[in-house]
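Grab a pencil and work through these exercises with the model open beside you. Each task comes with a step-by-step solution.

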Amino acid sequence: MRIEKLEEGEVFVFGSNASGAHGGGAALFAYRRFGAVWGQSEGLQGQSYGIDTMSGLAVFEEQARRFVAFAHGHPELVFLVTEVGCGIAGYEPHQVAGFFEGTPPNVVLPTSFVEILTAEES
């Protein structure tokens, strides 16, 4: 799913870096189109939500878990998650999909993550 525009109440979830320098990939797209804040690496920023994917898997996993908790607390929003960490950060979906386990119904995960999470449940 390629996200080109957002409706009211939709949030674009993207991978960032620790300094919030949104210079490439989905981060740059979020900065240009959906209100990502230069210098802010994590959290809600306009109609976007950043997760630091560039500071190692432990940081990525912790921030993804915080995102899942945030999504649970904001059922009025719909979060459209990109293949976070699978672009510039260089991870494969099977390495990171599990970080998004337990997402509520208002989170739309990429197909690759859904397939991995569904296979793990079987």
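For charges, Lys and Arg count as positive and Asp and Glu as negative, while His and the chain ends are not counted. The place of a charge is taken as NZ of Lys, CZ of Arg, CG of Asp or CD of Glu. This is a predicted model, where local features need pLDDT of at least 70 and side-chain atom pairs count only at pLDDT 80 or more, but totals for chains, interfaces and linings use all residues. Numbering starts from 1 along each chain as its sequence is written, and side-chain values use heavy atoms, with hydrogens and water left out.

**Exercise 1. Work out how many positive and negative side chains the chain has, and how far apart the centres of the two sets lie.**

Step 1: the tally is 6 positive and 15 negative side chains.
Step 2: the centres of these two sets lie 10 Å apart.

**Exercise 2. Find which side chains pair with Arg 66 in salt bridges.**

Step 1: The whole structure holds four of them.
Step 2: one partner is Glu 42, at 2.8 Å from N to O. Glu 42 sits in the loop between helix H1 (25-33) and strand S2 (43-45), and Arg 66 in helix H2 (residues 57-73), so this pair ties together parts 24 residues apart in sequence. (Helices, H or I of at least four residues, and strands, E of at least two, are DSSP runs numbered from the N terminus.)
Step 3: another partner is Glu 62, at 3.3 Å from N to O.
Step 4: check exposure, where buried means under 20% relative accessible area, exposed over 50%, and partly exposed in between (1.4 Å probe, protein chains only). Arg 66 is partly exposed at 38%, Glu 42 is partly exposed at 23%, and Glu 62 is partly exposed at 42%.

**Exercise 3. Say how Arg 65 and Glu 61 are placed in helix H2.**

Step 1: Arg 65 and Glu 61 are four residues apart in helix H2, so about one helical turn separates them.
Step 2: their closest N and O atoms are 3.2 Å apart, in a salt bridge.
Step 3: Arg 65 is partly exposed at 33%, and so is Glu 61, at 31%.

How values were computed:
Salt bridge = Lys/Arg side-chain N within 4 Å of Asp/Glu carboxyl O.
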